[in-house]
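Student: I have a structure open and would like to go through its packing with you. Could we take it step by step?

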Amino acid sequence: MKEDFTFLRAPLEYAFADKILAITSELKRPYKHLVDAYSISQLEVDIDELKKYLAVILSLENATRQNPGMQIDGYQYEIKPNKQFSHGYYFPLIQAGLNLNAGEMIQRMNQYMSAHLN
C-alpha cells in the first residue's frame with residue numbers, strides 16, 4: 001500500500017474514524033462499514049491521527065445532538081451486542097477478499113478499539 005493512500009482524497013485515518021463511528025453508533029448501518037473498518041484495521045494506521053479525526057467528528061455530532069437536548073455521555077468505542085447492521089454481509093466480504101463471519105469480525109474490531117482507542 002502506498003504511503004500517501006487516501007479514500008477519495010481524504011486521509012486513511014479520517015475514513016477509518018468515520019467507519020468506526022458508523023459501526024459503534026446506535027444507528028443501524030450497512031455491513032460494508034464493518035468490513036471496511038476491519039480491512040483498514042489490518043493496515044498501518046497513525047493512531048494519533050485517527051484519534052484526532054475521531055475527536056473532530058464526534059464534536060460535530062455532539063453539537064448536533066445538543067440542539068434537541070439529547071444526553072451526551074462519554075463515547076465508548078465498542079460494537080454493542082445488540083448492534084444491528086443492514087444490507088447484505090457476504091457481498092462486501094467477498095469484495096474485500098475476507099473469510100470471516102460477522103461475529104469474528106465484530107470481536108476483532110472490539111479488540112482493536114479496546115487496545116488502541118479506549
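Student: Which residues does Ser86 touch, not counting residues up to four places away in sequence?

Tutor: Please keep in mind that this is a predicted model. With residues up to four places away in sequence not counted, Ser86 touches Lys28, Arg29, Pro30 and Tyr31. For Tyr31, the C-alpha to C-alpha distance to Ser86 is 6.1 Å, although the two are 55 residues apart in sequence.

Student: Where does Ser86 lie, and is Ser86 buried or exposed?

Tutor: Ser86 belongs to strand 4, which covers residues 85–86. Its relative accessible area is 16%, so Ser86 counts as buried, the cut-off being under 20%.

Student: With which side chain does the side chain of Ser86 make a polar contact?

Tutor: The partner is the side chain of His87, at 2.9 Å. His87 is found in the loop between strand 4 and helix 4 (90–96). In contrast to Ser86, which is buried, His87 is exposed, with a relative accessible area of 64%.

Student: What about phi of His87?

Tutor: Phi of His87 is near 60°, which is a positive value in a residue other than glycine.

Student: Let us step back. How many helices and strands are there in the protein?

Tutor: The protein has five helices and four strands. Along the sequence they follow the pattern β-β-α-β-α-α-β-α-α.

Student: What share of the residues is buried, and what is the accessible surface?

Tutor: Of the 118 residues in the protein, 38% are buried. The accessible surface comes to about 7,700 Å², and 50% of it belongs to carbon and sulfur atoms.

Student: And what share of the contacts joins residues at least 24 apart?

Tutor: Among contacts between residues at least 6 apart in sequence, the share is 80%.

Student: What does Met109 touch, leaving out residues up to four places away in sequence?

Tutor: Met109 touches Phe16, Ile23, Leu34, Ala37, Tyr38, Ser41 and Ile79.

Student: Which residues of helix 5 are buried?

Tutor: The buried residues of helix 5 are Ala102, Met105, Met109, Asn110, Tyr112 and Met113. They are on the same side of helix 5, because they cover an arc of only 160° around the axis.

Student: What span should helix 5 have, and how far apart are its end C-alpha atoms?

Tutor: At 1.5 Å a residue, its 15 residues should span 21 Å, and the end C-alpha atoms are 21 Å apart, which agrees.

Student: Which residue caps the N-terminal end of helix 5?

Tutor: Asn101 caps that end, with a side-chain oxygen 3.0 Å from the backbone nitrogen of Gly103.

Student: Is Thr24 buried or exposed, and what lies 2.8 Å from a polar atom of its side chain?

Tutor: Thr24 counts as buried, at 8% relative accessibility. The backbone oxygen of Ile20 lies 2.8 Å from a polar atom of the Thr24 side chain. Leaving aside neighbours within four places in sequence, Thr24 is in contact with Tyr75, Gln76, Tyr77, Glu78, Ile79 and Met113.

Student: Where is Glu78, and what is Glu78 in contact with beyond four places in sequence?

Tutor: Glu78 is in the loop between helix 3 and strand 4. Its contacts beyond four places in sequence are Thr24, Asn110 and Met113. Glu78 is partly exposed, with a relative accessible area of 34%. The C-alpha atoms of Glu78 and Ser25 are separated by 8.8 Å, while the residues are 53 apart along the chain.

Terms used
Residues are numbered from 1 along each chain as its sequence is written. This is a predicted model: local features need pLDDT of at least 70, side-chain atom pairs count only at pLDDT 80 or more; totals for chains, interfaces and linings use all residues. Side-chain values use heavy atoms; hydrogens and water are left out. Contact means heavy atoms within 4.5 Å. Helices (H or I, at least four residues) and strands (E, at least two) are DSSP runs, numbered from the N terminus. The expected span of a helix is 1.5 Å times one less than its number of residues. Buried means under 20% relative accessible area, exposed over 50%, partly exposed in between (1.4 Å probe, protein chains only). The arc is that of the directions from the helix axis to the C-beta atoms. A polar contact is a pair of N or O atoms within 3.5 Å; within protein, one must be able to donate a hydrogen and the other to accept it, and residues adjacent in sequence count only if both atoms are side-chain atoms. Accessible areas come from the Shrake-Rupley method with a 1.4 Å probe; for residues, only the protein chains shown count as cover.
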